[in-house]
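User: Hi! I am new to reading protein structures and would like a close look at one part of this one. Could you walk me through it in a friendly way?

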Amino acid sequence: HPPPVATDKEEQKRLLENRPDQPQNPKVLRIAIIGAPNAGKSTLSNQLLGRKVFPVSKKVHTTRCKAWGVITHEDTQLIILDTPGLTNPLKAKRHNLDEAMLTDPWDSMKRADLVLVLVDVSDHWTRNSLSKEVLKCLSQFPHIPSVLVLNKVDILKKKFLLLEIVADLTEGIVNGKKLEVKSAFEQDSSSSAKSPLQITQASPPESKVPGSPCGQEKSQAQEGSALDKSSDVGGAGTGEAQGPKHYGPEDLKDMKGWPHFQEIFMLAALRGEEVDTLKRYLLMQAKPGPWEFHSDVLTNQSPQEICDNIIREKVLEYLPLEVPYGVTQVTDIWEEGECGELLIVQSLLVPRESHKRMLIGRGGKVISRIAREAGQDLMNAFLCDVRLKLTVEVK
């Protein structure tokens, strides 16, 4: 079971400053999760951690800052660098985002041993090509191993489209080998939804694609690897002997995908489907090295940051369009009650009277729903009773 986050700011600070309780042969892996805004990076991070510490919302740019999650399993520590969605200066200006939103994903990449590129396959506008920002990021750090993660496969009705998406996003090459993509679907449309996908080559026919509801895990050591590979490309073997070449802006102009992914995973992060398969793979990729954190640490965020982010997530969820981006949060009370419960009182400051009416809702319905849902999430993070009270004022 993952440890809870400390409710006291000083206690959390002490935990973060504690010397790690190193096992005999410690292993570590730093993982950057990148992707377009709203691809599901924070949802995946929370599922991997087993506790909700990152805010999640359907609105873009819910994650405003670089936050880390820590998974400690036996002798291995995985450090998840949850990053804001890769965006460009124009969009950053529109959403009132600060400079850090543009630089944080790059900072995370500099520290990473492995990068997960998350793609939302339910978005038919974007699923067949990686965004220019993601390609630019990968091309700047070609030496860092990368893995493609297709998210929200449960929403995709036509599963055969996954084959086409995979071919586009990998430029037809995975782990230095060319993919030969064929569909294993029967012609009978009524049964096609239940048929497993297959990438067929000279490999045994039983290797299925995990991650689709019907997929089956491989039982080899390379568990969770989604696709089989065939012939080497240009004698590159696994692609490790000679690293990917450096791509300039001209090369990227015509690229839709990245031909240097080592593996592909298909999952449904929100439902937790196949997340364990990915987690096992990540644990296997860890290299010998000292732990960075004590095993009691789940995140590097302060309890107040977690609280602010989770309340903000609900405000984003229940207010229309641009309104939530103008809300300022002020914590008035943060204390332990008589029975050990955590009492939090927060003021939400809005620029206009009309925003205040929206946030409170008819009969106080909206604000009480936000307080109730945020309170439940905070109980999950802190593993204690939380009494949360929210007030709304015009600033």
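Predicted model: local features only at pLDDT ≥ 70, side-chain atom pairs only at ≥ 80, totals over all residues.

What percentage of the residues in the protein chain are buried?

Analyst: To begin with your number, 51% of the 395 residues in the protein chain are buried. The chain is built with twelve helices and twelve strands. It exposes about 18,800 Å², and 50% of that area comes from carbon and sulfur atoms. If you take the contacts between residues at least 6 apart in sequence, 72% of them join residues at least 24 apart. Keep that last number in mind for your residue.

Now to alanine 39. Leaving aside residues up to four places away in sequence, alanine 39 touches Leu118, Asp120, Asn151 and Lys152. Asparagine 151 is 112 residues away from alanine 39 along the chain, yet the C-alpha atoms of the two are separated by 7.4 Å.

One of the residues that alanine 39 touches, Lys152, deserves a stop of its own. Lysine 152 sits in the loop between strand E5 (146–151) and helix H6 (161–170). Its phi is near 65°, which is a positive value in a residue other than glycine. Asparagine 175 also has a positive phi without being glycine, with a value near 55°. Asparagine 175 belongs to the loop between strand E6 (173–174) and strand E7 (177–178), and with a relative accessible area of 18% it is buried.

H2 packs with helix H9 (residues 275–285) at an angle of about 75°, and their axes are 10 Å apart. Angles from 65 to 115 degrees count as roughly perpendicular, so H2 and H9 are roughly perpendicular to each other. On the H2 side, Leu44, Gln47 and Leu48 make the contact, and they meet Val275, Leu278, Lys279 and Leu282 in H9. Sorted by class, the residues of this contact are five nonpolar, one polar and one charged.

The axes of helix H11 (residues 353–360) and helix H12 (residues 365–382) come within 4 Å and cross at roughly 60°. That makes H11 and H12 oblique to each other. Here Met358, Leu359 and Ile360 in H11 meet Lys365, Val366, Ile367 and Ile370 in H12. This contact has six nonpolar, no polar and one charged residues.

Finally, here is a buried residue in a helix. Glutamine 12 has its place in helix H1 (residues 9–17), and its relative accessible area of 3% makes it buried. What does its side chain reach? The side chain of glutamine 12 reaches the backbone oxygen of glutamine 301 at 2.8 Å. Beyond residues up to four places away in sequence, glutamine 12 touches Val5, Ala6, Thr299, Asn300, Gln301, Ser302 and Pro303.

Definitions and conventions:
Residues numbered from 1 in each chain as written. Heavy atoms only, no water. Helix = DSSP H or I, 4+ residues; strand = E, 2+ residues; numbered from the N terminus. Buried < 20%, exposed > 50% of the residue type's maximum accessible area, 1.4 Å probe, protein only. Contact = heavy atoms within 4.5 Å. Areas by Shrake-Rupley, 256 points an atom, 1.4 Å probe, with all protein chains shown as cover. Polar contact = N/O pair within 3.5 Å; in protein donor to acceptor, adjacent residues only side chain to side chain. Axes fitted to C-alpha atoms, helices over the stretch in contact; angles between N-to-C directions. Parallel < 35°, antiparallel > 145°, perpendicular 65-115°, else oblique. Nonpolar A, V, L, I, M, F, W, Y, C, P; charged D, E, K, R; others polar.
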